[in-house]
Amino acid sequence: MPLLMIRNDITKMQVDAIVNPSNTELSMGRGTCWAIYSAAGEKNLAAACKKIGGCEAGRAVLTKGFALPSKFIIHAVCPQWTDGRDKEKEQLKNAYRSALQLAAEYGFQSVAFPLLSSGFYNWPKSEAFHIATTVISEFLLEKDM
């Protein structure tokens, strides 16, 4: 799978899965998370996430895409930026890795990521972008997707 950077509305992407920047409760948040919930159908997605029960920061879980053009949603639990010295960098890296591992496990050929943690979670965009491109590139070098 090549790494392509595209500016687009993630809720309109026709891919195997989109990645939702989620909170630990997997509940509807703000920004991209809100847009994904709204486009997927809030009631169905909320019920699916409630059934899962939650997820810790740096991990990811999978639900159906419901009304989205994508078949699935990978909910990557994102860390809040504090000062860059806590474990949040490793948690963000792990959120990307966990999402990619789920995609590989399910045989997905196409996955759309937003820039995780760069909105509501207050990460500096340059730092979030560096982590995203590094982790995704390293993963694709190791895994044949």
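Me: Glutamate 127: buried, partly exposed or exposed?

Reply: This is a predicted model. In it, glutamate 127 is partly exposed, with a relative accessible area of 23%.

Me: And which side chain meets glutamate 127 in a salt bridge?

Reply: Lysine 89, at 3.4 Å from N to O. The pair links distant parts of the chain, with lysine 89 in helix H3 and glutamate 127 in helix H4, 38 residues apart. Lysine 89 is partly exposed at 30% relative accessibility.

Me: How many salt bridges in the whole structure?

Reply: A search finds 4. Among them is lysine 71 with aspartate 16, at 3.3 Å from N to O. Here lysine 71 sits in the loop between strands E2 and E3, and aspartate 16 in the segment before E1, 55 residues apart.

Me: Is aspartate 16 buried or exposed?

Reply: Buried, because its relative accessibility is 13% and the cut-off for buried is under 20%. Lysine 71 is exposed, at 53%.

Me: Changing topic. How much space lies in the largest pocket?

Reply: About 1,200 Å³. Its lining has 42 residues, and the closest to the centre are Ile6, Ala112, Phe113, Pro114 and Leu115.

Me: Which element gives the most to that lining?

Reply: H4, with 6 residues. Other elements that give two or more include strand E1 and helix H1.

Me: How do the lining residues divide into nonpolar, polar and charged?

Reply: There are 26 nonpolar, 12 polar and 4 charged residues in the lining.

Definitions and conventions: Residues numbered from 1 in each chain as written. Predicted model: local features only at pLDDT ≥ 70, side-chain atom pairs only at ≥ 80, totals over all residues. Heavy atoms only, no water. 1 Å grid on protein atoms, 1.4 Å probe; cavity = no way out; pocket = protein on both sides within 12 Å on 5 of 7 lines; lining within 4 Å. Points joined across faces, edges and corners; volume = space filled by probe spheres on them. Helix = DSSP H or I, 4+ residues; strand = E, 2+ residues; numbered from the N terminus. Nonpolar A, V, L, I, M, F, W, Y, C, P; charged D, E, K, R; others polar. Buried < 20%, exposed > 50% of the residue type's maximum accessible area, 1.4 Å probe, protein only.
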